[in-house]
Amino acid sequence: MRPKRLLLASGALDRPMTFAMNDRPGVMSLNAAVEFAGRYGVAVGKKAMVMADHSLSDVQMTWLRKAGLDVNGIDPQNDVPKAIGRKSVSGLQINSERHTCDTILTSAGLMPILHLWRHAGGKLSWDHATQAFLPANGPSWITPIGAAAGTFNQEDTLQEATALAKGDARPPKKTSYLAKPQSPVLGTSARQWIDFQHDVTLKDIELAAQENYVSVEHLKRYMTLGMASDQGKTSNVAGLSAMAALQGKKISEVGTTTFRPPFVPVPMEIYRGYHTGELFHPLKRLALEPLHRTAKAGLGEYSGWLRPGWYGSGDPEQIAAREVAMARNTAGILDASPLGKIEIIGPDAEAFVNFVNYNTIRTLKPDHIRYGFMLTESGVVFDDGVISRMGQDHFVILCSSSHVDGVVSLLESWRQDGHGPDRIFVHDTTQNWPTVTVTGPKAREIVRTLDLGIELDPAQFPHMQFRGGKFEGTDVRVSRVSFTGDVSFEISCPVSKVVALWDALLLAGAPFGAGPMGLKALSILRAEKGYLVIGKDTNGESMPHYLGFGMPRQKKKAPFVGDRGLHTPKANEPNRRQLVGLMVPDGEPPLPSGAHIVTGPASNRQSAGFVTSSYHSPTLNRPICMALLRLDLSEEGTHVDVFHLGAVREAVVAPACQFDPREIA
Amino acid sequence: MRDDSSNWNPLQTLDADIQTDGVAVSKSYLRRQTIVSGPRVLLEFEFALSWPEIAKGDTYHLSLRRDRILAVEDEDLGPDGWDTKTNQAVSDASGAFEVFEVAGPRARSFGPRGRITRTFQIGFSAFVRV
C-alpha cells in the first residue's frame, strides 16, 4: 500500500538520565512507569524517587500518585546521583544524602521518534527549548504529528491531527513544553551507563574523545554505541550529549548518526527470502544425474556441480581404489560434463587467444589441441586447460570445471580492453555440450564400437588432436586429451544425446571390465601422473615456472597477460615454492594434505612449503604426494621434515609424476 | 569428498503442464537454439524481441545484449564458427537452455510471483503475527 499522503504519529521516547549505577534493576523511565500505571494498572514500585527536568513531569508524577505510588521528585543540581543497591534499588544518593526508595524514575526529556521520517529523507533540527531533535524539512507527502513533531500535550495533539488530516495548517500549541539542558558530569570515576545494551559508559566516551574519535560516526563504530538491537533509541542522544559536553559544543553542532532501517527487529526470514533448502546455494545439475543415482553414485558438490564421487555402496576409499585399478587396467568412463567449453570466435580470435594464454597458441593448427595456462596480470596462474582449434578463427577453451565463470569473465574483460570487441566473441557453451570421457588402455576399443566415423588409430588421431564425428546421426566433438596419463577420448555431444552416449559406452565397456568412475578416482589418477589442479596444487603466488612450465616465459615473443609479472623480483626470488613430489618411507601412510615441510630446530620451526595433494596410489601400492616446496630444497632426493599436529615425519623429494612418465600414445 | 546425495532431491522434470490461477506452464521441446554475436547483429535481426514483447510464430529471435541474440528454431544460420559473409559468430545452444511456455491472462505475473517471500509462514527465526 502506497498512500499519497501520510501522517506520522510515531510518538516519543524518554531520554534516560546519565548518573552513577543507572543500570540497576529498579531504575527506569518515568514515561514507562506512567504507561504501566495508566495502561495496565501496574505500579512499578512502592516508593519512587523521580529525577526529571521537563514541564510534563509534574503531571506524570500526579498520575503515579493516583495509582498509589509514593513519589518524590528531586533535582540533582550539579552532583552525580548514584543508585544504591546491587540486585535491586534500595536508595538514591545525591549530595551525600541518601533517599530510601525501591524505584528510581528518570527522564531527561522526551525524544520524538523520527526514524521513519529520516528513512523517508526528512531532516532534523535541534530545538533548544525542548532539548530534542524535531522534524525540519522533508518530503511533502509525510507529515509528523503529535509527540513525533514535539507536540506532547494530548489536547494539542488531537487538534493538530484533525487540522492536518483535513489539509489545514498546523494550529498553534495551547500549552508549551520545556526541558532543561542535561549535560553529564564528566571526569568522575562513577560508572554512568549510556548504552545499556552494549555496555557503553560515560568513561568510554571520554576515552573515545581522548583518542580523537570525536565524530559521532567514529564514536558509534569505536564504541558500538547505538548499534545494539534497540538501534540507539535510548542511548544516542545521551551519547551525543556527552560528546557535546566533552568538546564544549552544542548537541546540534555534534550532529547525529545515520538512521538506518529496520526500526523494529525484523525476522531473519524476511532477508532470507526464497534462499532456503535447495535454493540456498543452488548447484548445477548433470543431465546424467538420474543415471548416476540409479548406479548408486555418491554425489558431492564439486566445482559448483553435483557430481559423482564414486559408484556403489561401501567404503568410498576402497571403491575409488577399485575404480583407479579399473581405469589403469581397462578403462574408466567419467561424466566430465562440467568441463568448460568456451568458444572464442572471430577474425582476431587467434591473436586474442594467444594473448590471454601463457603458452603460444598462434602456431596451433586446426584440429589440434594445446595445453596452456591463463595468468593474472601479476603472472600468477589463474587457470589451466586445453585450447582446441576448430578452425582458422574458431577456438574452444576447455578450462577447469570450477573456473568456467571466472574464465568467461576474464576473457570478456580482456576482449573489451585493448582488443577489437567487434572482431572477437566469447560464447560459453559449457551447458550445451555434456562430455563423457573414456580413459584407459582399452579406451580406443570401447570408443570404436560407437562407430563415430572417425579413424581412431594413434597415427590418424594422435594425442592432443580434435575430430568431429557423428553419434546416432548427431554431431559430436571428440578430443584426445588426458587427465589420467592413459589414452583418453573426451566425447562432447548435444544434451539430447548424452544419455544414449553414456549407456552405449557402458555397454561397450562391460565386456572389457570397464565401467563408470567418479571424481575420487580421477583425483588419484591425475596425482599419480603429477597433473596439477589449479587452486589445490597452486596458491595465490604460483607462477608457471614454479610448476615446471618455464619455457614460454623465456621464449614467447608476442605479448601475453602476465608477461611483465613473470620478470619481477618477486617472480625470481630464490625461495619461491616449486611443485615437487614427495615419497615417504616404506610402510608409512600418506602425508596429510596441508602438512608443512619445515626447517630449523623444534624451538623455531619455519615453513618451507606444504603438501598440496596426497593419496594412497592403488597403482603403485604406496602413498603419493605433491607439494609446493622452497626452491633450495626442491632437488630430487633431498630429505625433508614434514610437520603436522605436533608430529614430524620424514619424506624425500621426488618427481611430481610418480607413475609412468612416458608420453601418451 | 562427502556423499551429499540425500541433501539434494533427484532432478525433477516437468512431465505434465501446470495450470493454476490464470497461468499455464508447459515445457517446450525445441529443435534448435543458436547464439549469434556480431557488431551489427541487432540491425541484422531487427525484430529481435526483449521483455515484455511477445514472440509470434515458431521462429523468433531474442535480444540478449547489444551484440548478441538467441535465435530460436532458425534453421537458416550457418555452422558454428565465424561467418565471414555476415560478420557473425555462431554457436549451437540447442541444449543450453530449458525452455518453458508461460501462457494465460496472468502470465506476466508468473516471474515476479516466483520471488515472493512467504512472509507470514512460521520461520525458524521468528513468528510473524497476522
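Biologist: How many salt bridges are there over all chains?
Modeller: The count comes to 35 salt bridges over all chains. Please keep in mind that this is a predicted model.

Biologist: Which residue does Arg24(A) pair with?
Modeller: Arg24(A) forms a salt bridge with Asp23(A), and their closest N and O atoms are 3.0 Å apart.

Biologist: Are those two buried or exposed?
Modeller: Arg24(A) is buried, at a relative accessible area of 19%. Asp23(A) is partly exposed, at 33%. The two fall in separate classes because buried means under 20% relative accessible area.

Biologist: Where do Arg423(A) and Asp348(A) lie?
Modeller: Arg423(A) is in the loop between helix 13 (404-415) and strand 24 of chain A, while Asp348(A) is in the loop between strand 20 (342-345) and helix 12 (349-356), so the pair ties together parts that are 75 residues apart in sequence. Arg423(A) is partly exposed, with a relative accessible area of 40%, and Asp348(A) is also partly exposed, with 23%.

Biologist: Now the interface. How many salt bridges are there between chain B and chain A?
Modeller: The count between chain B and chain A is three. One of them joins the side chains of Asp67(B) and Arg415(A), at 2.9 Å from N to O. Another joins Arg65(B) and Glu412(A), at 3.3 Å from N to O.

Biologist: How exposed are Arg65(B) and Glu412(A)?
Modeller: Arg65(B) counts as partly exposed, at 29% relative accessibility. Glu412(A) is buried, with a relative accessible area of 12%.

Biologist: Which residues are linked in a network there?
Modeller: Glu412(A), Arg415(A), Arg65(B) and Asp67(B) are linked in a network of salt bridges. As a general point, side chains of opposite charge can pair when their charged atoms come close.

Biologist: How much area do the two chains bury between them?
Modeller: Chain B and chain A bury about 3300 Å² between them, and 58% of that is on carbon and sulfur atoms. Met1(B), Trp8(B) and Trp82(B) supply 25% of the area that chain B buries against chain A, more than any other three residues.

Biologist: How many residues does the contact take from each chain?
Modeller: It takes 39 residues from chain B and 48 residues from chain A. Between the chains there are also 18 residue pairs in polar contact.

Biologist: Which elements of chain B touch chain A?
Modeller: Those giving two or more residues to that side are strand 3 (33-37), strand 6 (81-83) and strand 7 (88-92) of chain B. Strand 7 of chain B gives the largest share, four residues. By class, the side of chain B that touches chain A has 15 nonpolar, 14 polar and ten charged residues.

Biologist: Switching to rings: how many aromatic pairs does the structure hold?
Modeller: The structure holds 13 aromatic pairs over all chains. Among them, Phe36(A) and Tyr40(A) form a tilted pair, 6.2 Å centre to centre with 55° between the planes.

Biologist: Why are Phe36(A) and Tyr40(A) about one helical turn apart?
Modeller: Phe36(A) and Tyr40(A) are separated by about one helical turn because they are four residues apart in helix 1 (residues 30-40) of chain A. Phe36(A) is partly exposed, at 35% relative accessibility, whereas Tyr40(A) is exposed, with a relative accessible area of 56%.

Biologist: What about Phe425(A) and Trp82(B)?
Modeller: Phe425(A) and Trp82(B) form a stacked pair, 6.1 Å centre to centre with 15° between the planes. The pair crosses between chains, from strand 24 (residues 425-428) of chain A to strand 6 of chain B. Both Phe425(A) and Trp82(B) are buried.

Biologist: Last topic, the backbone. Which residues does the cis peptide bond join?
Modeller: The cis peptide bond joins Trp51(B) and Pro52(B), with omega about 5°. Pro52(B) lies in the loop between helix 1 (41-44) and strand 4 (60-65) of chain B.

Biologist: And what is phi for Asn212(A)?
Modeller: Phi of Asn212(A) is near 70°, a positive value in a residue other than glycine. Asn212(A) sits in the loop between helix 5 (202-210) and helix 6 (216-223) of chain A, and Asn212(A) is exposed, with a relative accessible area of 57%.

Terms used:
Residues are numbered from 1 along each chain as its sequence is written. Chains are lettered from A and ligands numbered from 1 in the order in which they are written. This is a predicted model: local features need pLDDT of at least 70, side-chain atom pairs count only at pLDDT 80 or more; totals for chains, interfaces and linings use all residues. Side-chain values use heavy atoms; hydrogens and water are left out. Contact means heavy atoms within 4.5 Å. Buried area is the accessible area (1.4 Å probe) that two parts lose on being put together, summed over both. A salt bridge is a side-chain nitrogen of Lys or Arg within 4 Å of a carboxyl oxygen of Asp or Glu. A polar contact is a pair of N or O atoms within 3.5 Å; within protein, one must be able to donate a hydrogen and the other to accept it, and residues adjacent in sequence count only if both atoms are side-chain atoms. Ala, Val, Leu, Ile, Met, Phe, Trp, Tyr, Cys and Pro count as nonpolar, Asp, Glu, Lys and Arg as charged, and the others, Gly among them, as polar. Buried means under 20% relative accessible area, exposed over 50%, partly exposed in between (1.4 Å probe, protein chains only). Rings of Phe, Tyr and Trp (its six-membered ring) pair if their centres lie within 6.5 Å; planes under 30 degrees apart count as stacked, over 60 as edge-to-face and the rest as tilted.
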